[in-house]
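Subject: The model we talked about

Hi there,

Here is the structure I promised to pass on. Please open it beside this email and read along.

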Amino acid sequence: MGLREVLTPFTVWKRVFDEPVTIKDPIGRPGADRYRGFHQNDMDKCIGCGTCETICQNAAIDMVPIEGVEPEKGDSGLRPQIDYGRCCWCALCVDVCMTGSLTMSNEYTWVDTDPDKFRFIPGIDGDWKDDVAGYEREGQRVLSGVERIHMEEMEPEARICNFDEIVAGYTREEAVLEADRCVECGLCVATCPAHMSIPDYIAAVRDQDYDRGLQLLYETNPFSEVCGRVCTHKCESSCAALHEGDPIAIRWLKRHIIDEVPFDRRIELIGQPVEPNGRKVAIIGAGPAGLTAAFDLARAGTSVVVYEALEHAGGMMRYGIPEYRLPYDALDRDIGVIQAMGVEIKTSCRVGRDVMMEDLQRENDAVVLAIGLHMGRSTRVPGTDGPGVEKAVDLLRRITDGEEVPVPEQLVVIGGGNVAMDIARSMARLQKAKYGEVGITLTALEDIDHFLADPEEVVESREEGVEIFDARGPQEVMRDASGAVTGLRTWRVKSIFDAEGRFAPAYDESDERVHAGTMVIEAIGQAADTSLLGEALTEALEWNRGRIRIDDAFRTSEPWLFAAGDAVKGPDVITAVADGHRVARTVMEEFSARQVMQ
Amino acid sequence: MFSFKPDRSQYPAAGEDGKLEIDLETGKYLKLWQGPNHPGITGNMSVELTVCGDEVVKGTTHVGYLHRGFEKLMERRTFIQVFPIVCRVCVPEPDFNEYCYAAAVEDLAGIEVPEYADWMRTLILEMGRFNSYMMFLGGIGGALGLGITGQWMTYLRDIMLDRFEELTGARIYHMFILPGGVRGHLPEGFEGRMEEVLDTAERYLADIDRVMFSNSVFKTRTQGVGYIDPALFEPYGVTGPNARAGGVAKDLRKDSPYLVYDQLDFDVVTHTDSDIWARSNVRRQDVQVSIDLIRQILRKMPKTGPAMAKIPNVLHWKIPRGETYIRGECSRGEYGYYLVSDGSGYPRRINVRGPSYTHAMALLEHMIPGTNISDVAALMVSLHTYPPEIER
Amino acid sequence: MTEASKERLSGKATVREIFDVATEFERVAHRFYSELIPNVSKNIRWLVEELAEEELEHVELFSNLGKNPEVESVMAAEIARPVADSKFSDCVHTPDLGANPDDQAVLQYALMRESAAMDQYTELAESAPEGPLKEAFVFLANEETKHKAELEKIYYEIVHSGGV
Amino acid sequence: MRDIHARLKQRHHLGQFERQRPGLAFFTVPREYLRGLLLDLRDKEGFSHLVLLTAVDWMEEGLFQLTYMLNNRAEDVTFGIRVMLDRDEAEGDSIHDLWPTAETYQRELKEMFGINFPGSPRIDDEFILEGWTDLPPYRRDFDSLAYSQQTYAERPGRVTHDPREHMKQKLYPDGV
């Protein structure tokens, strides 16, 4: 050890002259751009899905109602409140946020003497509410899957030659992957007309517990084969996942469950109805509403007979929806389960002809009317009377019944809803078989963005060769000297909706077009055929703008008569199912009330 | 100048079975508690010393002052929810927890992490190592009465924390390494600001060399003090700089390269003396290795690329049944996570293997007898232990 | 060609003539819808009832105007005969909608009538001498325009929806 | 890795070799063969580094798993050796004489899991806990949430709402 080692340390005395490195006023020092400071929440963007609460490992987040934010489709109306006594600033809530509404500011100093102040609602409280800097997740969310698992479907060339089902259905692996994307927020449940336990049955798919899944399905819907294929799946339009990706394929997952449970097992799982209660109910119409009501009533021990005018049960599910969307055997399985509950379905039995309404009234404790909308409307523009002009519902019914229908080489469809797509695509298949080519023009009042048909129907129709002319208003069915149809004359629709969103088409008469075709099919709207009621009952009933008046519980003005389904409400299978449950409940409540009276 | 050679032939007295016979009633011995609240850098642990004169005859380590039951807490959380907890096991160098946990989950779940994330993780770990060494260099100075090093090192650590802050969004618990990757990319202009930090650090470290390693007092008090016989390394599970100071050139970064260490150029620092001086020197040199590595990483790492692999929905992420062990070379030695999954959405068991577990317990207790009271602080610091790793 | 038609083509008409035709137009319409009510099925009766009610309001409006001396004073004045007059006057003759017309048929007829009335009143609102009569025509022109728009919406809702 | 296992398999009744990744494998050994195996590994196979010793509670199966993690640093190979113990009579064999540092691990296991290692120095000394009378806390049947709820008071005033239930109450309270 030398002198050097005694003296060297003193050389650092030079630092005496350095500026101090401490920060003079640390209170005002801003955090870095990415700093994870106090939370911010874009209240309009937030949908109250509660995913932030779920992921929080500190249980720091509560979902609370906010004044002025009401629950609505796809928004629970709740917003996160954060307890800063627990928060650990990990920002998993920000990363998992389904909409990207939840972020963090770079603010990190907050002094208050009231500890309860530190339970605060980002987006409402906090001076840093609108600060730009602070933590936001980089890019789209990565903590839950963004892209939907692809569904295998037949290619257009393969499917146009036949009526085979297009959608393959998920394999187990695919279904589990798709089910994995669900965050179980449950926003979809309110949107589903039948309020199916969607997150729960998706969880059952994840767990590969198909028995549990099936039981969950049957709690709210006896038509899962049907709804798993053709449901309008409004649930998917309120799915939290759609905000930064594809909504969960809820419909396909439902179908997957039902695909995985064999028919006999379904009956086993549902179990037998309760003891007969001695009541009798007649249901008119074997569509989704009528059969759902029948299922519920039968399970509650009521003796149920369903009267169906057509040759087979199913209503529009069979006679409206083409086989390539909903194979008949799938529908038969759903109906089979309902029959296994003891429901008797009398087909080819038209009320008003084969059995009288008065008899039904007399012989039953209640009658449920679920007749649907089976009468096609006509535009009644000039030229619609006479051969060569058909209504879509009639044609679809005839195709289902296996009847020979006229198939011209070139035809025109009027309408932009699913029925229009159904008939166009059905006729396309028949044309393909007959001529080897598709010759279909479809015209609709609506512009393509406002079609009532499901977007995938439009896409698939086009793939199959249907030529779509949107925003065209039909003016005349053109006929030649012999009276044969030669085409449809249309005007362009300038605007279709008024300020209130009601139909009020305005035409540009100068933009006229004639769509060639030797047949015109009208698929514009449907009406209920209420002639079965007979004059006396029609007079006795109260009506509401053309429809039988019902109350919230589906009671008509006649105490023994109830009505449900498209004929009174509409517009789709799942709504009809929901109606069926509701009307069944009302009927049972009515029975209990009568019991008390006696 | 000074030489301290205690005569151990007289005391403490040993019984026939070789056990020490310490009878406090004799007045010959005194119990003295070093910690848990002492101003050193070893954190909240205490050593119960039995002294005779100024010589320590026995030392017993006591921990439990910051036991929060992390391992148990983790069992009650989903795999993603464990992520914010792990870093809290070690304040000065939390990132190893994040890395080891993430890598363990990835190993069991079969997830391939994107290249960018591997580089970023390496960068984070080296930045953390730098900070941890700052704590050490400040601490060892403080333990021997050199207050200035602590101030400088705190400053250097602080400007490195600034870089952590702008990169990860937090200063202490970065929570940046997610299972599946990392949370983000380098901010614009990060390399330049990092270079400023490294440059400043190098200037200050040069002064550390002057004030500490060229200081006769420091030398005298550390050379030959706190010697660990390399033969004890394996029985006592000694790893990291503590072992390297005894000539064992083991460094997991080299021996079992993880992340991108096989693409980086660096040497393993060793020393032969295995005393406090050697351990301090190894760490001092290793800071330079870290500084060089940070520079290399920033130069070599890809500029773009995904930061995260595709992972399942974390809200119901189930990890396949199995067990794994992931380790890395942290500033104190082998850091590891032993993860057991029973196939559910919650870990069955997570065991954190921190180097302090062996260094501060069995090893320290073995070393203490015979030291001078005034050297105990330096001895404790020289093992570079962080008690939360022990009690987790 | 009848005398009346010839007169109508002459291009000029007295206010009284116009007034009488309009009164008759509304009266006939009210009677037509009122008589139709029992002939239609109950489920579409609401529609005919609403139409009858609207026409009744117009009939009352005209009968009040007739009693107004200010209106009486301009009855002899001549004004331009509206272009739409012939279509409008034809509506005085009621059609045969069949024994049990449906909602669509009633709506189509009502739409045609409203359309004629809207055109007629709009023109008259332009040409009528200042005073309560002009005000009445302005009011009616507005009313009929609104009715027509409303009927069109109902028409589209009934006929063109349900095409899901 | 696999040949070491094959070499030692017969002699020490090793269970199936489970390779987790290159350089890491697990296998089970009956308790009575553990010591011999560890000695062989340490002295003949170069596994001289005891990485860790810990336990896993397989409560449902009535077992404790002891994991001895051994590492051969030269070959860069780690073995996780499992010993399954009856959970009701949890007792392992002390290896403090093979690795002195094992003493700490064994003390912790005694305290946290209630697994005894007779002969291990200071096995009954408190390690982390002080005056603990409840179940050993790292056992699966010790409910840490219940413990915290009993021990600490929640600050009142927090209420949360389930989105699905909230929407039901607000939008369709009677279920339809």
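First, some housekeeping. This is a predicted model, so local features need pLDDT of at least 70 and side-chain atom pairs count only at pLDDT 80 or more, while totals for chains, interfaces and linings use all residues. Residues are numbered from 1 along each chain as its sequence is written, and chains are lettered from A and ligands numbered from 1 in the order in which they are written.

**How the chains meet**

I call two residues in contact if their C-beta atoms, placed from the backbone, lie within 7 Å. Four pairs of chains are in contact, and chains A and B share the most contacts. That interface takes 31 residues from chain A and 31 residues from chain B. On the chain A side, helix H1 (4-7) and helix H2 (51-55) each supply at least two residues. Helices (H or I, at least four residues) and strands (E, at least two) are DSSP runs, numbered from the N terminus. The chain A side that touches chain B divides into 16 nonpolar, seven polar and eight charged residues. Here Ala, Val, Leu, Ile, Met, Phe, Trp, Tyr, Cys and Pro count as nonpolar, Asp, Glu, Lys and Arg as charged, and the others, Gly among them, as polar.

By contrast, no contact joins chain B and chain C, whose closest C-alpha atoms lie 35 Å apart. Chains C and D have no contact either, with their closest C-alpha atoms 23 Å apart.

**A helix in chain B**

Helix H6 of chain B (residues 190-213) has 24 residues and reaches 32 Å from its first C-alpha to its last, close to the expected 34 Å (1.5 Å times one less than its number of residues). Its buried residues include B:Met194, B:Val197, B:Leu198 and B:Ala201. A residue is buried if 20 or more other C-beta atoms, placed from the backbone, lie within 10 Å of its own, exposed if 12 or fewer, and partly exposed in between. The buried residues of H6(B) pack against helices H4 (115-143), H5 (147-168), H7 (216-222) and H10 (276-300) of chain B.

**The core**

The largest nonpolar core has 353 residues, and A:Cys93 is among those with the most contacts inside it. Such a core is a set of buried Ala, Val, Leu, Ile, Met, Phe, Trp, Tyr and Cys residues joined through C-beta atoms within 7 Å. H4(B) gives the most to this core, with 16 residues. Leaving aside neighbours within four places in sequence, A:Cys93 is in contact with A:Cys52, A:Ile55, A:Cys56, A:Ile61 and A:Leu102.

**Chain D on its own**

Chain D has five helices and five strands, which run α-β-β-α-β-β-β-α-α-α from the N terminus on. The radius of gyration of chain D (over C-alpha atoms) is 23 Å, well over the 16 Å that the globule rule gives for 176 residues, so chain D is more spread out than a compact globule. That rule is 2.2 Å times the number of residues to the power 0.38. Of the 176 residues of chain D, 38% count as buried.

Best wishes
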